[in-house]
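Dear colleague,

I am passing on a structure that you have not worked with before, and the sequence and the model follow directly below. After them comes a summary of what was found, arranged by topic.

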Amino acid sequence: MANCGCNKEFSSDYILLKPEKLSFYELIRVLFPGDIEKRKFVDCQEGAESNFERRWVIFISILAQKFLQFVAKPLASFGSTFEMGLNLFSANGGFGMLLFNSLRGNIQWPDKTLPTFSSFNGHLDNRVELDKSIQPGDSKYYAALSMMSSKISYENKAFIETIVEDQWKMEFLGFFDFWNDYQDKATTQAFMLHDKNVNSDTIVVAFRGTETFDADAWCTDFDISWYEIPGVGKIHGGFMKALGLQKNKGWPKEIVQDDHTHSPVAYYAIREMLRKRLQANDQTKFVLTGHSLGAALAILFPAVLALHEETWMLERLRGVYTFGQPRVGDHKFGEFTSEHLRKHDIPYFRFVYGNDLVPRLPYDNKTLMFKHFGTCLYYNSFYEGKIVAEEPNKNYFSPLMAIPKTINAVWELIRSFIIGHSRGKEYKEGWFLRAFRVLGLIVPGVSAHGPQDYVNSTRLGSSALLIIPHHIPIQ
């Protein structure tokens with residue numbers, strides 16, 4: 001049994017993958033029968049099941065992580081250059097004006113630290129204003145605010161602070177880089193705001209999702225390691241590590257964070273900030289949200305609160321709103337979390353748009369055992385929503401769905417040219433988003449994961465879907 005150098009006594013069972021300890025020879029051997037617990041790159045208990053399907057999944061997971069680790073620096077460098085180019089065009093008013101400004105010697109150079117610098121996702125959809133037709137008290141208000149918060153979480157601190165305070169007229173509580181004890185660096189990001197508008201005294205915690213050119217975040221997604229916590233269930237190891245799992249302690253209720261050693265870890269730092277704010281005002285509540293990886297962290301957060309018996313904080317949780325969320329744990333984890341959400345009347349809405357690939361991963365099958373739970377709000381390409389137990393084609397890779405998914409991707413590309421006329425100018429899509437939708441013709445479901453369709457779903461979808469929480473049995 002390999003040793004990952006960490007204490008796992010908090011877990012009754014586990015499978016941990018260590019791609020850094022894998023040679024090419026060992027990678028190939030993964031596909032062949034053998035005692036998997038004796039492999040250097042796998043840390044698990046003796047007698048762990050090792051059928052071909054499980055070995056294949058481990059092979060893909062480790063291969064992806066090894067590749068991402070190998071290309072991490074060039075990927076980050078390319079991403080930085082690409083985003084700089086996008087901002088160079090936008091800062092100068094487009095390609096034509098950039099040429100004109102270069103001839104005049106008056107090029108406007110973007111600065112990554114300024115509020116005018118926008119991310120890859122920000123260029124896909126440059127909307128930052130809240131929908132004025134959705135006001136506090138509207139059943140869609142927190143969903144719409146959560147989605148916009150999730151969207152701007154991909155931006156830099158100055159950008160977020162400017163939008164929150166100058167446009168949304170809310171209090172910006174901070175943007176944070178949180179430590180990942182297993183990646184040995186700060187790779188988890190989140191920001192917090194305080195909405196003190198009429199009929200709302202709510203803190204929003206928005207976790208950032210997977211950035212396009214961030215290999216560390218992609219490794220978190222592909223890390224299918226899992227831990228089984230007694231009484232809670234099996235949970236995706238990559239997501240737990242990103243939220244703040246302690247390498248030598250697991251999930252202790254309290255930890256001492258030494259700010260001089262490294263940045264704080266997400267769960268404990270956010271919980272402490274929430275404690276102070278909530279204790280200062282009995283009327284203040286909070287909302288958890290995120291897109292993609294951020295969505296996984298948003299629903300894992302209250303599960304850890306329940307594990308730590310933070311009852312009074314759960315009573316102040318107004319809701320959990322996730323967008324394009326991957327599966328986080330097994331059936332038992334879903335039951336544990338759902339029970340505590342029901343106990344404290346906490347609505348949990350899981351938004352899924354169209355053929356978005358991410359909510360259909362990791363697989364829900366006998367090999368990976370991951371399960372969704374909560375109220376799934378599924379929206380089609382016309383932004384018509386309905387409540388379902390599980391999104392259609394739940395595991396994505398289905399030969400029978402290949403043609404329908406491609407046809408839908410063609411329609412989404414066509415729609416990008418007409419939606420500004422049919423829905424209003426605020427829904428108009430630019431050239432960059434249209435180019436991104438072309439990618440959906442090659443891999444249907446990739447372009448559907450972008451924030452833009454989730455913003456549209458919260459704005460154009462029916463308010464009736466969010467009036468009363470619907471507790472759907474775990475499938």
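With which residue does lysine 371 form a salt bridge, and how far apart are the closest N and O atoms? The partner of lysine 371 is aspartate 364, and the closest N and O atoms of the two are 2.9 Å apart. Aspartate 364 counts as buried, because its relative accessibility is 5% and the limit for that term is under 20%. Please keep in mind throughout that this is a predicted model.

Salt bridges

A search of the whole structure finds 20 salt bridges. Another of them is formed by glutamate 391 and arginine 350, whose closest N and O atoms are 3.0 Å apart. This pair links distant parts of the chain, since glutamate 391 sits in the loop between β12 (385-388) and α13, while arginine 350 belongs to strand β10 (residues 348-353), 41 residues apart. Both ends are covered: glutamate 391 is buried with a relative accessible area of 2%, and arginine 350 is buried with a value of 0%.

A further salt bridge joins arginine 275 and glutamate 272, with 3.4 Å between the closest N and O atoms. These two residues are 3 apart in helix α9 (residues 266-280), which means that about one helical turn separates them. Arginine 275 is buried, with a relative accessible area of 12%, whereas glutamate 272, at 32%, counts as partly exposed. Salt bridges that share partners join Glu254, Arg271, Glu272, Arg275 and Glu310 into one network.

Aromatic residues

The structure holds 31 aromatic pairs. One of them, made by tryptophan 218 and phenylalanine 222, is tilted, with 6.4 Å from centre to centre and 35° between the planes. Because tryptophan 218 and phenylalanine 222 are 4 residues apart in helix α7, they are separated by about one helical turn. Tryptophan 218 is partly exposed at 32% relative accessibility, and phenylalanine 222 is partly exposed at 34%.

The pair of phenylalanine 323 and tyrosine 454 is edge-to-face, at 6.2 Å centre to centre and 75° between the planes. Here the pair links distant parts of the chain, with phenylalanine 323 in strand β9 (residues 317-323) and tyrosine 454 in helix α15 (residues 451-460), 131 residues apart. Phenylalanine 323 and tyrosine 454 are buried.

Individual residues

Threonine 210 lies in the loop between β5 (202-207) and α7 (215-222), and it is buried, with a relative accessible area of 9%. Its side chain is joined to that of aspartate 221 by a polar contact of 2.6 Å. Not counting residues up to four places away in sequence, threonine 210 touches Tyr154, Ala217, Trp218, Asp221, Ser292 and Leu293.

Isoleucine 299 is found in helix α10 (residues 293-307), where it is buried with a relative accessible area of 0%. Leaving aside neighbours within four places in sequence, the residues in contact with isoleucine 299 include Val320, Val328, Leu341 and Phe373.

With kind regards

Conventions: Residues numbered from 1 in each chain as written. Predicted model: local features only at pLDDT ≥ 70, side-chain atom pairs only at ≥ 80, totals over all residues. Heavy atoms only, no water. Buried < 20%, exposed > 50% of the residue type's maximum accessible area, 1.4 Å probe, protein only. Contact = heavy atoms within 4.5 Å. Polar contact = N/O pair within 3.5 Å; in protein donor to acceptor, adjacent residues only side chain to side chain. Phe/Tyr/Trp six-rings, centres within 6.5 Å; stacked < 30°, edge-to-face > 60°. Salt bridge = Lys/Arg side-chain N within 4 Å of Asp/Glu carboxyl O.
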